[in-house]
Amino acid sequence: MRKILSLLLIIMIVCCACGESNKLNKPTLEQSQVRNIAELATLECYYHNVADYEDEETSGWLFWKKDTKFWIEYEGIVRMGVDASKIKMKVDGNNVKVTIPEAELFDAKVDEKTFDENSFYKEDDSTEPTAEVQVKALEQAQLEMKEKAKDDAMLLATAQSQAQTLIEQYIENVGSLIDREYVVEWDYLK
Amino acid sequence: MEDNKKAFEYDEEFENIEEEIEFESDEENESEETNAVNEDKAINIKINNGRRWPIFFLLIVVIVVIGFFGGNVYKNHKEEIKATSDLKKVIKISKLSSFKMVHNGIATKYDKDKEPLYHVRYDATVKAGIDASKIKLKVNRRKKVIDVRLPKIQILDSTVDVASQDYIFEDEDENDSDISSESYKLCLKDLGNEVTEEKELYKSARTNAKKIVRGLIEPLVEQDDYKVVVK
């Protein structure tokens, strides 16, 4: 009986030790994924973002409850352009027919230069905003920025137009090297 | 003298009582019952007086517990997040990203004694490629070769997904009102260190950039029997 109890005790100690070491070793849980892409980014758009967070009765009790209220202000960057892997060219003499896809949004990020301790505004009697609620507010602001950029048809059209200008310049440059004056015709992929 | 007198009075009273006991036997039982009930009440009152404080104390504890936990569990939860986003400026660029790396990392903030204060887990994307406006073209008409020189591979974009940030605090005091901006910079720094060590990223980005550029130029020069060499 004593032996069994001793064995159980040892197993428990080993399990506790393993649990503790797992917690400390968590930073090793990293992995990377890689792949080829062909994103021709033609526009970089800067957005001014404000997230307004409010939650009632987040701390205290009965008549001494406090709310959480804060704002975060920063700039976000959205990059847009065309997927170059979808660009197709058909050449016939001096005529070049280029099929180009619609412009799309590639990246949306927080501009680190505009995001620091001065980006936060908190009410005097508010509960201290935790990391969790700050991340929620930022997520919402980033989502709003992405939606705004995706819905901006004018901006996407400009990004596509800029891609066309770049490609046309290439065709012109290559043509001048081999003594050809190419005429470009556009076909829009939907 | 006075003591003797008092003792005499007590004896007299005692005799009277004894007489009452002898001649009022029925009433005696009734009065004994009444006295017993009165004694019980007195004892109960004493006991109740003794128990009042623990009950009162318990009641306060219950109110505090309900007020604290009940107040938090059944709180009037009205979380509201409003976000606004306004376009400020647009810059024309010509960046060709040819390779993408998705990175899931953990950054740690340390104090002066190199003790960890908190860990932050994050998801990030790194894109490498070239500035397409810096591609140089040359022709060798005699050899019928188009020589294409690509600029140096650059990290064109490093994006840490702010919404992916998750924390483990070793020191809870660090969980303050501007933690997310500090941790965001920490993640970018950590990501930068990881990217610098990824030699494969630059190599693969260059290989794929060559393919993309070749694919855009070759159709234009094939009919004239030119070869495209991308370096």
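Trainee: Which residue forms a salt bridge with B:Asp157, and how far apart are the closest N and O atoms?

Mentor: In this predicted model, the partner of B:Asp157 is A:Lys109, and the closest N and O atoms of the salt bridge are 3.1 Å apart. B:Asp157 lies in strand β5 (residues 154–160) of chain B while A:Lys109 lies in strand β5 of chain A, so the pair joins two chains.

Trainee: Are B:Asp157 and A:Lys109 buried or exposed?

Mentor: The word buried is used for a relative accessible area under 20%. B:Asp157 has a value of 3% and is therefore buried, and A:Lys109, at 18%, counts as buried as well.

Trainee: Which residues are joined into one network by salt bridges that share partners?

Mentor: Such a network links A:Glu39, A:Asp107 and B:Lys127. Within it, the side chains of A:Asp107 and B:Lys127 meet at 2.5 Å, N to O. Because A:Asp107 is in strand β5 of chain A and B:Lys127 is in strand β2 (residues 116–131) of chain B, this pair also joins two chains. A:Asp107 is buried at 9% relative accessibility, and B:Lys127 is buried too, with a relative accessible area of 2%.

Trainee: How many salt bridges does the rule find over all chains, and how many across the interface of chain A and chain B?

Mentor: The count over all chains comes to 18, and six are found across the interface of chain A and chain B. For a case inside a chain, consider A:Asp52 and A:Lys69, whose closest N and O atoms are 3.9 Å apart. That pair links distant parts of the chain, with A:Asp52 in strand β1 and A:Lys69 in strand β2 (residues 66–83) of chain A, 17 residues apart. A:Lys69 counts as buried, at 17% relative accessibility.

Trainee: What joins the side chains of A:Asn49 and B:Ser85?

Mentor: They are joined by a polar contact of 2.6 Å. A:Asn49 has its place in strand β1 of chain A, and it is buried, with a relative accessible area of 0%. Leaving aside neighbours within four places in sequence, A:Asn49 is in contact with residues of both chains, including A:Tyr74, A:Met145, B:Thr84 and B:Asp86.

Trainee: Which residues touch the most other members of the largest nonpolar core?

Mentor: The general idea is that, in soluble globular proteins, nonpolar side chains tend to be buried together. Here the largest nonpolar core has 86 residues, of which A:Val78, A:Met80 and B:Val148 touch the most other members. Helix α3 (residues 153–177) of chain A gives the largest share of this core, nine residues. Beyond its neighbours within four places in sequence, B:Val148 has contacts that include B:Ile135, B:Leu137, B:Val213, B:Ile217 and B:Val229.

Note on methods. Residues numbered from 1 in each chain as written. Chains lettered and ligands numbered in written order. Predicted model: local features only at pLDDT ≥ 70, side-chain atom pairs only at ≥ 80, totals over all residues. Heavy atoms only, no water. Core = buried A, V, L, I, M, F, W, Y, C linked by side-chain atoms within 4.5 Å. Buried < 20%, exposed > 50% of the residue type's maximum accessible area, 1.4 Å probe, protein only. Helix = DSSP H or I, 4+ residues; strand = E, 2+ residues; numbered from the N terminus. Contact = heavy atoms within 4.5 Å. Salt bridge = Lys/Arg side-chain N within 4 Å of Asp/Glu carboxyl O. Polar contact = N/O pair within 3.5 Å; in protein donor to acceptor, adjacent residues only side chain to side chain.
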